[in-house]
Amino acid sequence: MTIREFLSDRLGRLIFQTVFTLTAAVFLRLTGTEDGIILLLLLFLGFCWAGMQGYDFIRQRARLEELEAIMEGLDKKYLFAECIPKARGIYERRLAELSARAGRAMIGEVSDARAAQREYREYVESWVHEMKAPITAAGLICRKAAPDIRGKLAQELAQIEAHVERALFYARLESPEKDFLASRADLAEIVAQALNGHRVLLMQSGMKVETENLSQTVYTDSKWVSFMLGQLLQNAVRYRAVEPVLTISARQLGKQVRLTVHDNGIGIPSHELPRVFDRGFTGSNGRARGGATGMGLYLCRRLADCLEIELGITSEAGKGTTAVLTFPARSGYGEFSQESAESMEAEGEE
Amino acid sequence: MKQIMIIEDDCSTREELALLLKNEGYCPLPVMDFTDIRRLAEQERPDLILLDIGIPGRDGFSVCADLQKTMDVPVIFVTGRDSGLDEVRALSLGGDDYITKPYSVPVLLARIKSVLRRKAGASEPDMVVAGGLRLNLAKGTVSSAAGTAALTRNELRILACLMEHAGEIVSRADLIEVLWDSKIYIDDNTLSVNVTRLRGKLAELGLPELIKTRRGMGYQL
């Protein structure tokens with residue numbers, strides 16, 4: 001608050017007081033008071049008024065600064081009204097009470113919304129787990145069907161499973177810390193999990209899978225990464241060209257591990273590349289082929305952010321798409337033991 | 001006949017699983033009443049328990065812990081919950097394997113077989129004997145009366161799978177699925193190539209016609 005703002009705020013009062021004082025001076029003059037005394041009175045009044053305004057200004061500014069500091073320091077800004085020191089004037093006290101009431105109502109709403117969201121998340125999770133039972137049963141029953149029907153049913157079931165899985169991870173994203181379990185994991189295991197989860201899709205699409213150098217240790221949540229890989233596999237199958245080949249390879253980059261998933265599919269037009277991670281973005285390929293949800297890569301990006309994995313996609317239309325996942329450097333203890341083991345091995349070889 | 005106890009609350013899965021295991025030559029023991037699983041297990045003495053974590057009443061983890069107190073029975077956890085924590089818990093509680101729903105049938109059967117073999121005797125060497133062949137899984141060699149041949153990883157897994165199902169027809173799709181479970185990602189064409197090579201090696205061992213192609217169905221030893 002500047003002095004100018006302060007004064008312009010009180011402009012009405014200022015004009016009123018000036019007019020009032022001048023009227024009083026004119027009255028005194030008419031009733032025969034000496035000019036000198038009137039001047040003295042005016043000076044005195046003016047001095048008093050300026051002093052009062054100055055005091056008010058300093059006090060108000062200090063108070064505002066105090067409150068702003070409290071606001072700055074608050075993690076949850078909506079708790080502000082609960083945290084301010086008790087006001088002095090009756091007017092300000094009433095205002096503070098009103099804003100505290102508004103704040104409390106807000107907190108109530110927020111916690112209701114949180115509870116609703118948590119309940120919904122829990123419901124989605126249990127729904128997903130319940131869905132697995134009939135999918136399993138259907139898969140088993142499917143064995144008895146004629147081979148051609150069995151294949152088609154298996155494919156449809158795999159589709160259902162993929163959609164259900166996406167719902168689960170979408171729900172989990174709301175509070176990632178609850179499910180996140182970072183541990184030492186073998187990249188080959190994670191890839192195997194993802195490939196196995198999509199075996200029906202991959203086999204029936206005639207996808208040739210090549211893996212290369214996957215025995216790398218990463219520190220991450222293997223379920224999440226396997227889900228992310230699953231989304232990439234589904235895309236590779238959906239946007240495949242003739243004689244589809246999927247190459248999954250890894251290599252060490254300093255302390256990081258880089259996993260590359262490359263397909264020789266139809267690729268993504270370059271002007272659509274920047275938007276592939278957007279929620280609900282399906283692109284021209286997705287629209288042309290149908291069945292795209294625009295959720296897969298969006299979820300991948302969100303999960304990658306939580307896991308601190310760098311996720312990038314490059315593509316050339318007509319040639320194929322490459323997704324690159326760069327896993328963060330290994331954490332302290334594991335890194336030490338791993339490297340010392342490696343250096344010992346190296347020494348042994350020499 | 002190996003007895004496999006099925007603890008699963010979903011009725012149709014339980015029935016289908018029982019049927020499937022019966023067809024595979026096991027004796028399934030489907031459990032309907034989950035109140036006293038331990039007593040039931042002690043009575044029936046199964047060779048393996050397939051345990052669903054999400055059974056009503058109490059969770060599968062405590063059931064497993066309970067079972068392991070008095071019996072040395074292998075347990076394979078089956079679950080619809082796909083979370084890392086569950087897997088860690090299941091394996092640390094003495095589960096022998098952990099499979100998430102929905103599972104693939106050939107993979108489930110392969111896991112059951114491997115757990116049963118592991119329990120049958122850890123001291124026993126990893127040998128499969130069928131059709132006049134001895135397959136050494138540890139060394140990756142196959143021998144017959146005529147001699148011994150070294151196999152590649154893919155050939156070894158293919159032959160092991162066929163020998164374990166000696167006499168039965170193994171469909172190409174099932175074969176591929178089981179291989180995938182062992183992290184060998186081969187497609188239909190590569191499978192044909194590998195089987196052809198395998199036949200060549202078996203021919204050198206004096207058994208050229210051992211692996212028969214059943215057109216439209218798969219392979220048979």
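A salt bridge is a side-chain nitrogen of Lys or Arg within 4 Å of a carboxyl oxygen of Asp or Glu. This is a predicted model, in which local features need pLDDT of at least 70 and side-chain atom pairs count only at pLDDT 80 or more, while totals for chains, interfaces and linings use all residues. Residues are numbered from 1 along each chain as its sequence is written, chains are lettered from A and ligands numbered from 1 in the order in which they are written, and side-chain values use heavy atoms, with hydrogens and water left out.

**View 1. Salt bridge between K183(B) and E189(A).** The two side chains meet at 2.9 Å, N to O.

**View 2. The interface of chain B and chain A.** Chain B contributes 30 residues to the contact and chain A 28 (contact means heavy atoms within 4.5 Å). The area buried between the chains is about 2,700 Å², with 61% from carbon and sulfur atoms; buried area is the accessible area (1.4 Å probe) that two parts lose on being put together, summed over both.

**View 3. Salt bridge between K144(A) and E16(B).** The side chains meet at 3.2 Å, N to O. K144(A) lies in the loop between helix 5 and helix 6 of chain A, and E16(B) in helix 1 (residues 11–23) of chain B, so the pair joins two chains. Helices are DSSP runs (H or I, at least four residues), numbered from the N terminus.

**View 4. Helix 5 of chain A against helix 1 of chain B.** The axes, lines fitted to C-alpha atoms over the stretch in contact, come within 9 Å and cross at roughly 30°, angles running from 0 to 180 degrees between N-to-C directions. The crossing is left-handed (the near helix is turned anticlockwise from the far one by less than a right angle). Residues of helix 5 of chain A, including L140(A) and I141(A), meet residues of helix 1 of chain B, among them L17(B) and L20(B).

**View 5. Helix 5 and helix 6 of chain A.** Helix 5 (residues 90–142) and helix 6 (residues 147–173) pack at about 165°, with their axes 9 Å apart. The two are therefore roughly antiparallel (angles over 145 degrees). W127(A) and M131(A) are among the contact residues of helix 5, and L157(A) and I160(A) among those of helix 6.

Definitions and conventions: Parallel < 35°, antiparallel > 145°, perpendicular 65-115°, else oblique.
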